Amino acid sequence: MNLLEMNHVKKSFDGNTVLKNISLSVKEGEVVSIIGPSGSGKSTLLRCATLLETMDDGDLYYLDEAAAKSQNGKAVYVSGARLKKISRQFGLVFQNFNLFPHYSVLKNVMDAPIHVQKRDRESVRKEAEELLAKMGLSDRASYYPCQLSGGQQQRVSIARALAMKPKILFFDEPTSALDPELTGEILKVITQLAKEKMTMVIVTHEMHFARDVSDRMIFMDQGVIVEETTPEELFASSNQRTREFLGKYHVTGD
């Protein structure tokens with residue numbers, strides 16, 4: 001079954017078309033990486049998938065439940081209450097962490113399961129402590145975000161997303177705000193999640209990582225999907241636009 005399905009998605013900003021008839025599906029346990037130059041529509045696609053942007057036209061389904069359907073050339077969304085329920089199926093890790101600065105690390109991870117999902121505080125605390133241990137942050141539970149490195153903050157935001165028990169996790173360039181030496185620790189965490197069969201959609205500029213971790217890769221350019229295939233096939237692509245893009249990262253066919 002597809003956890004996520006997007007059909008014929010269109011999105012414009014001020015008359016500038018950013019997504020042109022994009023369709024995408026993600027199955028349970030699958031890792032899909034989306035690559036492409038800046039301005040190709042990758043982050044907008046993710047924001048439409050996670051209800052942060054409204055599509056102009058198209059369908060959006062989670063586990064066969066419609067969040068929006070195309071009607072007469074326009075995306076029509078279901079009620080706010082149903083969208084709220086659907087939004088619990090996914091988690092989103094931003095490039096700039098988006099942690100609450102006035103909450104401790106532990107409270108950042110515990111807050112939403114308690115207040116949004118109304119779960120028992122003690123069981124949430126236990127799970128939050130386990131997640132922080134998994135992220136190598138047990139000794140940072142009482143710290144505040146300003147006391148952490150960028151890599152540590154990003155690991156907290158991954159723990160926070162996982163605390164909601166999402167079916168699918170989205171990453172929007174999770175390492176772009178990090179120094180190169182901190183990037184590796186985040187990629188290691190995501191690679192471990194992939195081994196555990198967490199369903200993930202990752203927008204990234206880390207090409208070697210994307211090749212190693214993905215079941216499927218999507219190359220976007222100018223609001224369209226140019227190619228969608230396995231990493232092996234993408235990196236051996238004969239498509240000129242794909243080769244030009246990957247050539248900048250010195251990864252074509254190596």
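Contact here means heavy atoms within 4.5 Å. The structure on display is a predicted model.

**First stop: helices H5 and H6**

Select residues 150–163, helix H5, together with residues 180–195, helix H6. The two helices pack with their axes 8 Å apart, at an angle of about 20°. Because angles under 35 degrees count as roughly parallel, H5 and H6 are therefore described as roughly parallel to each other. The crossing of H5 past H6 is right-handed.

Next, display the side chains at this contact. From H5, show Gly 150, Gly 151, Gln 152, Gln 154, Arg 155, Ile 158 and Leu 162; these meet Leu 182, Glu 185, Ile 186, Val 189 and Leu 193 of H6. By class, the residues of this contact comprise six nonpolar, four polar and two charged.

**Second stop: the sheet**

Turn now to the open sheet of six strands, and trace the order E7-E8-E9-E3-E10-E11, in which the pairing is mixed. At the edges stand E7 (90–93) and E11 (224–229); each has a single partner strand, so one side of each lacks a neighbour in the sheet. From one strand to the next, the twist averages 15°.

Select E7 with strand E8 (residues 168–172): the two run parallel and are joined by four bridges. Centre the view on Gly 91, which stands opposite Leu 169 in E8.

Finally, return to H6, which lies across E3, E8 and E9 and runs at about 145° to E9.

Note on methods: Residues numbered from 1 in each chain as written. Predicted model: local features only at pLDDT ≥ 70, side-chain atom pairs only at ≥ 80, totals over all residues. Heavy atoms only, no water. Axes fitted to C-alpha atoms, helices over the stretch in contact; angles between N-to-C directions. Parallel < 35°, antiparallel > 145°, perpendicular 65-115°, else oblique. Left-handed = near helix turned anticlockwise from the far one by under 90°. Nonpolar A, V, L, I, M, F, W, Y, C, P; charged D, E, K, R; others polar. Pairing = 2+ DSSP bridges.
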